[in-house]
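Take a walk through this structure.

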Amino acid sequence: MKKRNFIVIVVVVAALIFPIRQAAINLFAEKSEPILADKIDDGEDLDTNVNIDDIPLYDNNIEEVEDMTDYLLDTTFVDDSGKLILKNTDDILVLVNKRRNLPSDYKPSDLVIPDVKFSFDDIIDKRHLRKEAAHALEDMFREADNQNVILYGVSGYRSYNTQNYLFENKVSKVGEEEANLLVARPGQSEHQTGLAMDISSKSANFSLIEDFGQTTEGQWVNENAHRFGFIIRYKRDTTDITGYSFEPWHIRYVGVEVATEIYERNITLEEFLGDA
Ligand SMILES: [Zn+2]
């Protein structure tokens, strides 16, 4: 082959390869980069399309219930305004109450929608729980259902901002003192942990009312929730310890071992963890 012909072939091949390579780069960039960017930038949106069975379980179960006296050590820090802010926010036993605040920017990273009946149709924040609690709720509702006890989810995860809105709204209606007993201040609601669900029944008009505790469904929950890792968080006559009124509808996931011990000893989470 003459040298000149060889150079022409090299130039032609190079001219062909360059646009192909560039097109490939463009194609790859268009297909992958925006998706990646969405995932990073989209922290505020809840992923509603995840099959919870595909996600590994959070490895934070307390295997044995032993001496819990040191459990709360180093779980908080004091912020500029003197408030206790929680550090162990992702812990299954995280203790949120009127002394112990969640950071305003805390949002669980593993929120999913449990496959249970709800009292509403919308796909919104309050349908979500953290995956381990969601699995447990599914198991509990399924077994209740098998015994003709039909439970409905009413309100699960709630963001700091939503809680802020609810509290301010209540203050404007009944004043701050009264509101403080009825609605958690932002950062002080267990619903922000993604480990609490308010539940109800048709017999209680799907409402969050004390009478739910007297219904067949409410009694079933009271007697069985611990077997699935849930406690009735605000029991009757424990306001001086928990800071909240009796709420037979509010269940909190803590894992089966801890829930069973709290149920059998008939104590609050504060007492169990030594915060009372
Ligand atoms: Zn609640």
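A charge sits over a ring if NZ of Lys or CZ of Arg is within 6 Å of the ring centre and within 35 degrees of the ring normal. Lys-126 meets this test: its charged end lies over the ring of Phe-120, 4.6 Å from the centre.

A word on the source. This is a predicted model, where local features need pLDDT of at least 70, side-chain atom pairs count only at pLDDT 80 or more, and totals for chains, interfaces and linings use all residues. Residues are numbered from 1 along each chain as its sequence is written, and side-chain values use heavy atoms, with hydrogens and water left out.

Now the ring pairs. Rings of Phe, Tyr and Trp (its six-membered ring) pair if their centres lie within 6.5 Å; planes under 30 degrees apart are stacked, over 60 edge-to-face, and the rest tilted. The whole structure holds five aromatic pairs. In one of them, Phe-118 and Phe-120 have ring centres 5.4 Å apart and planes at 55°, so the pair is tilted. Phe-120 is buried, at 13% relative accessible area; buried means under 20%, exposed over 50%, and partly exposed in between, with a 1.4 Å probe and protein chains only. Phe-118 is buried too, at 10%.

Tyr-234 and Tyr-244 make a tilted pair as well, because their planes stand at 55°, with centres 5.0 Å apart. Tyr-234 lies in strand E8, and Tyr-244 in the loop between helix H6 (239-242) and strand E9 (247-253). Helices (H or I, at least four residues) and strands (E, at least two) are DSSP runs, numbered from the N terminus. Tyr-234 is buried at 4%, and Tyr-244 is buried at 4%.

Which residues hold the zinc ion? His-191 (NE2), Asp-198 (OD) and His-250 (ND1) coordinate the zinc ion at 2.0 to 2.1 Å. Donors are N, O and S atoms within 2.8 Å of the metal (3.2 Å for Na, K and Ca); water is not among the atoms, so sites may look incomplete. The donor spacing in sequence is H-x6-D-x51-H. His-191 is buried, at 4%, and Asp-198 is buried, at 4%.

Next, the sheet. Three strands, ordered E1-E2-E3, form an open sheet with mixed pairing. E1 (76-78) and E3 (100-101) are its edge strands. Two strands pair if DSSP finds at least two bridges between them. E1 and E2 (residues 84-86) run antiparallel, joined by three bridges.

Last, helix H7 (residues 256-265) has Val-258, Ala-259, Thr-260 and Ile-262 as its buried residues. After H7 comes Asn-266, with a positive phi near 50°.
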